[in-house]
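Reader: I'm new to this one and would like to learn how to read it. Could you walk me through it?

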Amino acid sequence: MASPLCASLFCFATLFLLCSFAAATQPGLILTLVNNCPFTVYPAIQPNAGHPVLERGGFALQTLTHRSFPAPTAHWSGRIWARTGCTHSNGHFYCATGDCGHRIECNGLGGATPVTLAQFSLHHGGHKDLSSYAVSLVDGFNVPMTVTPHEGKGLCPVVGCRANLLATCPDKLQLRSPPGHGPVVGCKSGCEAFGTDELCCRNHYNSPQTCRASSFSEFFKHACPATFTYAHDSPSLTHECASPRELKIIFCH
C-alpha cells in the first residue's frame, strides 16, 4: 500500500505530465491562405528585415483550395500578396502581377507592383499577445483580398477589399497583359502611374501633414474603405487582435 507521500508525489507527477502534454499540444497561431479565385494564384510571403521566410516565400494555390501553416512563435512581421497570370514552361516562370524575380519560391524577395497587400505584425505587445493586420492598396490592386481573424479577443474585424477593381480601374491606371491590348490584370497606384513626389509621398510630401489623398487614391478608398490607399493614410486602419487562433488571408473573398 502506498504511503500518503508517495500517493501525493504520484498525483503531482501525473498532473505535471498532463499539463506538459497540454502545453505541447496547445495549437499556436495558424496562418491559412484561401484561394476563392476561379484560377490558380501563387501566394508570396515576404518577411520584414530580420524575420524568417515562411513556406519558402511562395507556392502555387489552386482554385478553391487552401494551405495552412503555423506562424512563428516569436514576433514576426511581413506581407503577403497573390501573384496572378503565372506561366511555368521550359524552366521559365513568370507572373503578370506580383512577380518576384521569376521564382516560384520568393525566398524573401519583394514583388512587382501593382498588388493588393496584406501586412502583419504577429506576437507583439509585451504582456499581451497581439496580432496586427491591415490590407493595403498603396501599391495598387490585383485581386480582391480580406484578412479574417478567428477566436481572437478584443477588436478583431474582417478587413480588406472584396470589390474587383480590375473592372472599374481608370484607363490611366490600368496594367494590361500583354501590354497595350491584353486584359486588365492590375490597377496601378497614382504613384506608379505618374511617379510624382506628391503622388508618391516623397521628399517634401513625406509626412502626415503634406502627404494627402489624391483623386487616384480616392478611387481605391471609395471602393474599399477598410484599406490603406496612400502612404500616410489613417493608422486606425491597422487592427490589433489579441491572441487569435487563426488568421485567414482570402483571395477573391
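Author: Helices (H or I, at least four residues) and strands (E, at least two) are DSSP runs, numbered from the N terminus. Buried means under 20% relative accessible area, exposed over 50%, partly exposed in between (1.4 Å probe, protein chains only). This is a predicted model, where local features need pLDDT of at least 70, side-chain atom pairs count only at pLDDT 80 or more, and totals for chains, interfaces and linings use all residues. Residues are numbered from 1 along each chain as its sequence is written, and side-chain values use heavy atoms, leaving out hydrogens and water.

Reader: How do I read the open sheet of five strands?

Author: Strands of a sheet pair through backbone hydrogen bonds, either parallel or antiparallel. Here, two strands pair if DSSP finds at least two bridges between them. The order is 3-1-13-8-9, with mixed pairing. Strand 3 (65–70) and strand 9 (159–161) each have a single partner strand, so one side of each lacks a neighbour in the sheet. Strand 8 (residues 145–150) pairs with strand 9 in the antiparallel sense over three bridges, and methionine 145 stands opposite cysteine 161 in strand 9.

Reader: Is threonine 97 buried or exposed?

Author: Threonine 97 sits in strand 5 (residues 92–97) and is buried, with a relative accessible area of 2%. Its contacts, leaving aside neighbours within four places in sequence, include Ala82, Pro114 and Leu175.

Note on methods. Contact = heavy atoms within 4.5 Å.
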